[in-house]
Amino acid sequence: VYKRQEYGNKLNVGQTVVFAMSKLAKIGDQAWNGNTEKINAELFILTYGALVSQALKEHESVADVNAFLEQTGYNIGLRLVDEFLARSGIGRCGDWKETADVIAKVGFKMFLGVSAQVVGFDSEKKEFSLVLDDNPLTEFVELPDDAGELIYCNVLCGVLRGALEMVQMSVECTYVRCTLRGDDASEIKIVLKEILADSIPAGED
């Protein structure tokens, strides 16, 4: 294990990572427990359920509903970043790994009241999964028999895609496990496609 000697004290990298994660978890808890007005959890769950139900009636196929939910989340994500940055006080992340930890420990906690686990980083550090043992969106939900291909929480994939695009990260998000289908947890796979260049308004250098 790499260690660094400084002023007579040893700094273990593993301990530094634990400290950083603890700090992020604390930021997430503070954001969730702060004075920000929150919608009633059951009302939020029922409202989202009504949105999905209406989408099933209005679209011709379940695939179209999945696309609608992802696009709805994407539009939300585009607008959510400013609130996230203002409430968390977190600046630009140093790398993709730090971005994953911030999403898992601060982002999910701030807006859903739960934390996620970061797992499955590939060797190139371009993809990982977020695992939710407890997903508030799936409470009180039972999918109809004719909606077996429905990705009920696909809105979360859209939110992540939209929010990350606002900070110059183009990603692909896929809901790969869901407790509504009998899985033991909810899992979202995120793949970093490219880092987008900062856009400069026309006429400005």
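The tour below visits salt bridges, one after another.

This is a predicted model, in which local features need pLDDT of at least 70 and side-chain atom pairs count only at pLDDT 80 or more, while totals for chains, interfaces and linings use all residues. Residues are numbered from 1 along each chain as its sequence is written, and side-chain values use heavy atoms, with hydrogens and water left out.

A salt bridge here is a side-chain nitrogen of Lys or Arg within 4 Å of a carboxyl oxygen of Asp or Glu, and by this rule the count comes to six.

Select D101 and K97 to begin, where a salt bridge joins the two side chains at 3.0 Å from N to O. Both residues belong to helix α4 (residues 96–112) and sit four residues apart, about one turn of the helix; helices (H or I, at least four residues) and strands (E, at least two) are DSSP runs, numbered from the N terminus. D101 is buried, at 8% relative accessibility, whereas K97 is partly exposed at 35%; buried means under 20% relative accessible area, exposed over 50%, and partly exposed in between (1.4 Å probe, protein chains only).

Next, select R177, which is partly exposed at 23%, together with E187: their side chains form a salt bridge of 2.7 Å, N to O. This pair links distant parts of the chain, with R177 in strand β5 (residues 169–177) and E187 in strand β6 (residues 186–195), 10 residues apart. E187 is buried, at 15% relative accessibility.

With R177, D184 and E187 displayed together, you have a network of linked salt bridges in view.
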